[in-house]
Each structure stands twice: as C-alpha cells, then as structure tokens.
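Please walk through this structure one region at a time, with the sequence at hand.

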Amino acid sequence: MNYVVLDMEWNQPFSKQCTKQHPFPLTGEIIQLGAYMLDERFEFVGDFAIYVAPRYYKKLQSRVKRITGITQAALTAGRPFAEAIARFRDWCGEDFVLLTWGRDDMPMLLDNLRLHKLDAGWVPPWFNLQLIYSKQVMGDLNQRSLSSAMEHYGIEQRLSAHNAHNDAYYAALVAQRLDMEAGLRDYFTPVKTRTAFMNSHVYSTVIAGFASREAAMQARTSVSYRCPACGCPLPIDGWIQFSISKAIGIAACKQHGDYLARVKVSRAKDGSWKLAAFLYVADQAVRGYYAQKRWASIAAERRQLGG
C-alpha cells in the first residue's frame, strides 16, 4: 500500500453575496492539486501537480492570489476539475491512503466532487498528519502549522509556502520523520464532537420506551426528518454506527443543501431505553466529522478482513 500526501489550494468568493448557494454554499473551489507518493517504507516514489481551471469562482480573490502566488494565467491554462481528478486518481493507483496536513482539505475535496457531480466512492481512508505530529511530538491534540513542524525537525524552507506541490513535499518530509506505523495504528478521530457540532441543531426529538439498546438504535431509521426550510422529507443515507450508542447519517434537500442526522441511545429512569435524534446543517466542520467517521469505519472493516 502507498501513502499519498495531498495538498490543495482553492479560490474563494469575493463576498458572502457572491457565494454560490446551490446545491450548497460553496466556500472554495479547488485551483491546484499537489501530491507526493510514499511507499510502504515511506520513501518517495513519485509526485503529482496540476492547476485546475475554476468553473464558478473564475477570478482570483485578491487574498488567495497574494498568499499562493498563483496567477490568473495559470488558472486560465488549468485543466477542468473532472479531468484533473481523473488524472489524480489514475496517478494514485488502486491501493493507497491519503495523508494531509490539517482537516480542511478533505471536506473541500468532497465539496468539489459533489459540486461537479463526480463519484466520491474512490476516496480512501484519510489521516491527518498534523494531529499525528501533535500527539507524538507535543503530547497533545492542538493544531500546529506545517512550518513549525519543519522547524522542529530542522527542515529548511527552500520552496515557497502555500503552493500545493511544495506544501505536499514538506508534509511528506515530516511524515518520514514520524513513527507513522504507530501513528496510523493508534489514529484518533481528529474532529471532536464539540467542535463539529458547535452550531445548534435545527431539529430534535426523543423516542422512549424501548426494551433494549439495540431496539432503540434500530429505531433511528423511523425518525421522520424534514428540511426545516421547506418541510420536504429527508431520507437519511450512509448511516455510520461508530459505537453501541451513537450513529450519524447524511441527508440532502435539493433546494437547501446537506443536513446531518445524529442519534444517541441512553437508559431512561425507568430502566427502558430511549433514542435522542438531532438534525444539523452540514457545514464544513460537520461534513468533515462525517467524512472522518466514514473513513474510520472503512479502515476498521479493512483491519477485520486483514487488509
């Protein structure tokens, strides 16, 4: 199995009023992909770089231009997103996992795949190098910059930062210095529940009187979720039960975007079991939380199968 260290840059809308709202609020459109591939011994075996021509945010936002150094000419000469992703998929091969520095890239990738109506089923499990570094080196779960990790390991910054290809290279160098076998084996969920669900839920209900925990959990499929904006039914897809008492799923309203359903089973005072169900607007943090749980579930299944 190979390890693909991925970094991306994306353009942003000039203002809230300029933000594309359908099928969901688009906070960024990918304009550059950069990646390095490491083999099972974490040695370099290849690299990938491509500029992407944006479809919606075609003019570079001034801050993005200043930070990344990307020019308007580079975007004009870039490839369409679907082609860029196809090339990236081909380059990655079949057996790989993704490594990124930070938790922002993967939700952005999923957003852009959905925006262009492209399959996301090929996306493999993802691990956040930033948190592996913090846990191993600093003994905590705080977010730290790539430059601070480079400084810790004495890696000289010879290439410009905020370039997807360059940042992927330096993140790969940091990965080589970590105990990645232990980091992947003991990987923790990087997006904490209290962070992902800091915004209030838009709907909640409690169903009580179940004879067992299992019966209460099974009842999650009978909860009648509806879009709070238009009232249309919201069938929940992709349920992930990540503990005996908790599960999450995704729903989509054609008019008002994504929502996330979350359920929790607990014991009532009379000894029976109850199901508490919540519905949240699936902003970037919430989608990242769901994606992380999904990939953790896939990784667990692979371990059980010995893969």
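This is a predicted model: local features need pLDDT of at least 70, side-chain atom pairs count only at pLDDT 80 or more; totals for chains, interfaces and linings use all residues.

Strand 9, residues 257-267, pairs with strand 10 in the antiparallel sense, and nine bridges connect the two. One of the bridges links Ala 261 to Leu 279 in strand 10. Five residues lie between strand 9 and strand 10, which together form a hairpin. In the turn of that hairpin, Gly 271 has a positive phi of about 95°. Strand 10, residues 273-281, also runs antiparallel to strand 6, residues 203-210, and six bridges join this pair. Here Ala 277 of strand 10 stands opposite Thr 205.

Helix 4 covers residues 105-115, and nine of its 11 residues are buried. The buried residues include Asp 105, Asp 111 and Asn 112 as well as Met 106, Met 108, Leu 109, Leu 113 and Leu 115. How accessible is Asn 112, and what does this residue touch? Its relative accessibility is 0%, so Asn 112 counts as buried, the cut-off being under 20%. Beyond its neighbours within four places in sequence, Asn 112 is in contact with Leu 26, Gly 28, Glu 29, Ile 30 and Phe 81.

The loop between helix 4 and strand 5 (126-128) holds His 116. Is His 116 buried or exposed? With 13% relative accessibility, His 116 counts as buried. Not counting residues up to four places away in sequence, His 116 touches Glu 29, Arg 55 and Phe 81. In sequence His 116 is 34 residues from Ala 82, while their C-alpha atoms are 7.4 Å apart in space. Lys 117, which follows helix 4, has a positive phi near 55°.

Helix 6, residues 146-153, has Leu 146, Ala 149 and Met 150 as its buried residues. These lie on the same side of helix 6, because they cover an arc of only 100° around the axis. They pack against helix 5 (129-138) and helix 7 (164-177). Just after helix 6 comes Gly 154, with a positive phi of about 70°.

The next topic is the nonpolar interior. In soluble globular proteins, nonpolar side chains tend to be buried together. The largest nonpolar core in this model has 27 residues, and the members that touch the most others are Leu 6, Leu 33, Phe 88 and Leu 98. At least two residues of this core come from each of strand 1 (2-11), strand 2 (29-38), strand 3 (44-51), helix 3 (81-92), strand 4 (96-100), helix 4 and helix 11 (284-305). Helix 3 gives the most, with five residues. Leu 98 touches Val 4, Leu 6, Phe 88 and Met 106, among others, when residues up to four places away in sequence are not counted. Its contacts also include Val 123, Pro 124, Pro 125, Trp 126 and Phe 127. Another core, of 26 residues, lies apart from the largest one, and has Ile 155, Ala 168, Ala 175 and Leu 178 among its members.

How many disulfides does a search of the whole structure find? The search finds zero. Cys 253 is in no disulfide, and the nearest cysteine sulfur, that of Cys 232, is 3.6 Å away. Cys 253 is buried, with a relative accessible area of 4%, whereas Cys 232 counts as partly exposed at 24% relative accessibility.

Finally, the chain as a whole contains 11 helices and 10 strands. Its radius of gyration is 21 Å, close to the 19 Å that the globule rule gives for 307 residues, so the chain is as compact as a globular protein of that length. Along the principal axes, the C-alpha atoms fill a box of roughly 65 × 45 × 30 Å. Of the 307 residues, 48% count as buried. Among contacts between residues at least 6 apart in sequence, 67% join residues at least 24 apart.

Definitions and conventions: Residues are numbered from 1 along each chain as its sequence is written. Side-chain values use heavy atoms; hydrogens and water are left out. Two strands pair if DSSP finds at least two bridges between them. Helices (H or I, at least four residues) and strands (E, at least two) are DSSP runs, numbered from the N terminus. Buried means under 20% relative accessible area, exposed over 50%, partly exposed in between (1.4 Å probe, protein chains only). The arc is that of the directions from the helix axis to the C-beta atoms. Contact means heavy atoms within 4.5 Å. A nonpolar core is a set of buried Ala, Val, Leu, Ile, Met, Phe, Trp, Tyr and Cys residues joined through side-chain atoms within 4.5 Å. A disulfide is a pair of cysteine sulfur atoms within 2.5 Å. The radius of gyration is taken over C-alpha atoms; the globule rule is 2.2 Å times the number of residues to the power 0.38.
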